[in-house]
Amino acid sequence: MQVTVKLFASFRTGRFETARIDYPDGTTVADVADRLKLPHAELGIMMVNNRHVKLEHVLAEGDSLALFPLLGGG
Amino acid sequence: MDTLPIFVRDRAEAQMLPWQRQVEAAGRFGVTMAQVEEVALERGILPARYQRNRKAMTVSDQLTLFRSSVAVIGCGGLGGYIVEELARLGVGRIVVVDPDVFEEHNLNRQLFSSPANLGHAKVEAALKRVTMVNPAVTLVPIRTAFSLENGSDLLAGCSIAVDALDSIQVRLELAEVCTALGIPLVHGAIAGWFGHVTTQFPGDDALQTIYRSWKSGKGVEETLGNPSFTPAVIASLEVAEVCKLLLHQGTNLRGRQLIIDLLSMDVNIIDIRDANR
């Protein structure tokens with residue numbers, strides 16, 4: 001299945017801004033993060049088709065996944 | 001007999017009170033700059049230092065700001081700029097809370113830090129700065145760490161809290177205390193070239209939503225650092241939110257998170273309502 005992955009802020013460094021990627025059925029948000037070598041501890045907001053999701057959310061054909069890093073500085 | 005109100009009225013020029021006259025009034029009547037400012041604003045006279053505020057806000061708005069009390073939690077990268085901008089805007093009382101002293105690695109971005117005050121309390125530097133920049137503002141320096149235990153006392157009398165913390169854990173505690181006290185919280189956070197801002201009203205779960213994946217420790221600022229310009233940008237957006245909330249103007253970021261990427265010059269606003277539904 002094809003999923004559009006959008007990365008934000010520091011996640012773009014050395015990766016991409018937007019990409020359409022082919023994943024096997026049953027792929028979760030956590031699987032995508034792992035394949036992109038995004039540490040789970042750095043994950044902030046995660047959205048699929050503009051709805052907030054969690055790591056275990058299972059993706060579907062045509063989904064658009066947005067991943068934002070966790071920012072905590074002041 | 002000359003009274004302070006008459007003195008102020010007679011010395012006003014084009015409905016504005018020049019700074020020198022404000023100083024004279026304070027000396028002559030043995031009152032503070034703040035008291036002179038209030039007497040002037042109550043009579044529709046604008047202290048001239050605020051004349052460039054005037055197109056954006058009325059004299060009555062300026063009086064509202066003068067009578068407002070805002071808490072800034074954290075006096076580092078974000079907090080320094082926030083305190084400076086609130087003081088120049090004319091917010092009458094600013095409570096600033098931070099336990100730390102300045103260290104050398106603060107010098108690249110923290111507005112009140114300088115080689116001369118390394119090792120000195122950040123909140124004391126804030127007091128010195130605000131006393132110099134706008135003596136009509138009352139700055140209350142509190143050198144302590146915000147927590148669930150002391151939070152209600154620290155925010156007592158403040159109508160808004162501003163998040164300038166560097167800890168996600170403490171931010172979540174601040175959000176909880178603000179909801180308990182029924183006051184809005186303007187949130188900002190930064191890391192590297194990136195930052196975000198939102199405004200949480202009592203009962204909203206904005207911070208819980210933004211940090212719902214967080215388990216412990218720091219965010220990506222641990223590896224990305226904090227250059228000089230990111231705190232200035234995010235702090236300014238936070239102050240704009242505070243100003244609108246105090247004056248009941250414009251549209252704030254309630255239910256929305258503004259995410260800024262200064263490396264790509266990319267701005268996103270995402271909906272953060274109902275994330276947990």
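Here are some worked exercises on a predicted model with chains A and B.

**Exercise 1. Two domains in chain B**

Task: Find which domains chain B is assigned, and work out which classes of residue domain 1 turns towards domain 2.

Solution: 
- Step 1. Begin with the bounds: domain 1 of chain B covers 4-56, and domain 2 covers 68-271.
- Step 2. Next, look at the spacing. The centres of the two domains of chain B, taken over C-alpha atoms, are separated by 30 Å.
- Step 3. Now see who takes part in the contact: five residues come from domain 1 of chain B and six residues from domain 2 of chain B.
- Step 4. Sort the domain 1 side by class, and you get three nonpolar, one polar and one charged residues.

**Exercise 2. How do H1 and H2 of chain B run?**

Task: Decide whether helix H1 of chain B is roughly parallel or roughly antiparallel to helix H2 of chain B.

Solution: 
- Step 1. Locate the helices: H1(B) spans residues 4-11 and H2(B) spans residues 19-29.
- Step 2. Take the geometry. Their axes come within 10 Å and cross at roughly 160°.
- Step 3. Apply the cut-off: an angle over 145 degrees counts as roughly antiparallel, so H1(B) is roughly antiparallel to H2(B).
- Step 4. Name the partners. H1(B) contributes B:Leu4, B:Phe7, B:Val8 and B:Arg11, while H2(B) contributes B:Arg21, B:Ala25, B:Arg28 and B:Phe29.
- Step 5. By class, this contact has five nonpolar, no polar and three charged residues.

While you are in H2(B), visit B:Glu24, which sits in this helix. B:Glu24 has 14 C-beta neighbours inside 10 Å, so it counts as partly exposed. Along the chain B:Glu24 and B:Phe7 are 17 residues apart, and their C-alpha atoms are separated by 9.6 Å.

**Exercise 3. H1 again, with a new partner**

Task: Work out how H1(B) is oriented relative to H3(B), and which classes of residue make up their contact.

Solution: 
- Step 1. Read the angle: the axes of H1(B) and H3(B) cross at roughly 70° and come within 10 Å.
- Step 2. Compare with the cut-off. Angles of 65 to 115 degrees count as roughly perpendicular, so that is the description for H1(B) and H3(B).
- Step 3. Note the hand: H1(B) passes H3(B) in a right-handed crossing.
- Step 4. List the residues that meet: B:Leu4, B:Pro5 and B:Val8 from H1(B), and B:Val36, B:Val39 and B:Ala40 from H3(B).
- Step 5. Sort them, and the contact has six nonpolar, no polar and no charged residues.

**Exercise 4. H3 meets H4**

Task: Describe the packing of H3(B) and H4(B), including whether the crossing is left-handed or right-handed.

Solution: 
- Step 1. Place the helices: H3(B) is residues 33-42 and H4(B) is residues 59-66.
- Step 2. State the hand: H3(B) passes H4(B) in a left-handed crossing.
- Step 3. Identify the contact. On H3(B) it uses B:Glu37, B:Glu38, B:Leu41 and B:Glu42, and on H4(B) it uses B:Val59, B:Gln62, B:Leu63 and B:Phe66.
- Step 4. Sort these residues into four nonpolar, one polar and three charged.

**Exercise 5. Where chain B touches chain A**

Task: Find how many residues of each chain are in contact, and which elements of chain B supply them.

Solution: 
- Step 1. Count each side: 34 residues of chain B are in contact with 19 residues of chain A.
- Step 2. Look for the elements. Those of chain B that each supply at least two residues include helix H5 (77-89), strand E7 (185-191) and strand E8 (194-200).
- Step 3. Sort the chain B side into 15 nonpolar, 14 polar and five charged residues.

Key:
Residues are numbered from 1 along each chain as its sequence is written. Chains are lettered from A and ligands numbered from 1 in the order in which they are written. This is a predicted model: local features need pLDDT of at least 70, side-chain atom pairs count only at pLDDT 80 or more; totals for chains, interfaces and linings use all residues. Domain bounds come from an automatic or database domain assignment. Two residues are in contact if their C-beta atoms, placed from the backbone, lie within 7 Å. Ala, Val, Leu, Ile, Met, Phe, Trp, Tyr, Cys and Pro count as nonpolar, Asp, Glu, Lys and Arg as charged, and the others, Gly among them, as polar. Axes are lines fitted to C-alpha atoms, for helices over the stretch in contact, and angles run from 0 to 180 degrees between N-to-C directions. Helices (H or I, at least four residues) and strands (E, at least two) are DSSP runs, numbered from the N terminus. A crossing is left-handed if the near helix is turned anticlockwise from the far one by less than a right angle, and right-handed if clockwise. Angles under 35 degrees count as roughly parallel, over 145 as roughly antiparallel, 65 to 115 as roughly perpendicular and the rest as oblique. A residue is buried if 20 or more other C-beta atoms lie within 10 Å of its own, exposed if 12 or fewer, and partly exposed in between; C-beta atoms are placed from the backbone.
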